[in-house]
Amino acid sequence: MSTVEDYFVPWIKGIPMYISPHIELAWRNPSLARMMSNENPNQPSEKVLETINKYAKVANRYMDQGLILRSKIAEINGLPGPENVLLGNGSSEVYDMVFRSFIAPGDEVIQQTPCFGIYKLRCNVLGGKLVSTKMVYKDKQILFDPDAIINAITPKTKIIVVAHPNNPTGNFMDEKDIIRIAEQGRPLVIDEAYIEFAGLQRSMVKLVKDFKNVIITRTLSKAYALAGLRFGYALGDRDVIMQIAGTLIPWNVSTIAMWAALTAFEDTETLRKNVEFNNNEIKFYEESLADIPGLTVFHSYGNYLLLDGTDTGKPGKDMIKYAEQHGVILRGQENLYGRNGWWRVTIGTHKENEKLVRLTHEFYAQK
Ligand SMILES: Cc1ncc(COP(=O)(O)O)c(C=O)c1O
């Protein structure tokens, strides 16, 4: 007789629940500095907190489809209206909807590594095939390789994802290269989770007018400092967005998150401050770590920095261990380009950043 396991669709068999050990560790030990998940160290603004309280009082009610909020998002991004905007419970859920809209078992998703893990996760649960092309390591830089992406396209390619800027490398793909990829006609999803740190003028949303196949994803988890609230969105051509919206789980974004998001978009002063703080801290790291021989700091347009200490002779995992022993959680990076010195730090409070700069100097000075 068959067992219940036999009835699972084969492609989800053995996929474990997503758990981030770093985040688990951080919640268990609140005294540790959370410099590992690209959260914003600043709390939500008073205005956002007021809105959260206000709408908590009507939490007994279902929400509407968010027309006011979607119109505001469209306006900020120079798009015609709410039908160009899809709301999600974080951009991770937006990825789920976008992938479910294009990927059937056996279809291919192209990503360029190193990159964020959500593309792989959403591809796997649909039985898709992940095709990873590699960024190129050259002259102490990690560069996008648009030709590798274009050469990887097959008849089964249904999605290409490019993060703009990329996590963990922190850099942008050139606009002309993005356009070349868009011209291939495949659904091109551009992950702009961190775009606000560089400014919306760097956004590729302008491509939506000419390329119906371009979809932009965004989140309030980073510059807007609302990771735990869960709010993300997609921008695109009206017909495309409305078709993807067919996959929406009804009432996926809570009333509280929707109205808090509207307040966050209107509260441009808090966004400006968050961005200014972040970019000053990035500079602080770059200046403070420049004198460590053999340590490369990759310039970042996000709220994190990738570092490579391979040329110091010390593995990245030892730095991560050292930081953790001193109360800071960092993030590792698998060996890349035959080098093992990698680690990533998320911008913390200024005090936390000062501490990490000190720890970094101490660690690399040890014999
Ligand atoms: C490139 C990138 N995209 C998307 C996300 C997911 O963000 P969200 O909290 O909106 O699901 C992250 C989170 O770290 C990220 O680094």
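## Ligand contacts

A polar contact is a pair of N or O atoms within 3.5 Å; within protein, one must be able to donate a hydrogen and the other to accept it, and residues adjacent in sequence count only if both atoms are side-chain atoms. In this predicted model, local features need pLDDT of at least 70, side-chain atom pairs count only at pLDDT 80 or more, and totals for chains, interfaces and linings use all residues. Residues are numbered from 1 along each chain as its sequence is written, and side-chain values use heavy atoms, with hydrogens and water left out.

An N or O atom in the side chain of Ser-221 lies 2.6 Å from an oxygen atom of the ligand. A polar side-chain atom of Tyr-194 is also 2.6 Å from a ligand oxygen atom, and for Ser-91 a backbone N or O atom lies 2.6 Å from an oxygen atom of the ligand. Of the 400 Å² of accessible area (Shrake-Rupley method, 1.4 Å probe) that the ligand has on its own, the protein covers 93%.

## Sheet

Seven strands (DSSP runs of E, at least two residues) form an open sheet in the order β2-β10-β9-β8-β7-β3-β4, with mixed pairing; strands pair if DSSP finds at least two bridges between them. Strands β2 (85-88) and β4 (129-134) stand at the edges, each with a single partner strand, so one side of each is left without a neighbour in the sheet.

Strands β8 (residues 188-191) and β9 (residues 214-219) run parallel and are joined by four bridges. Ile-190 has Ile-216 in β9 as its bridge partner.
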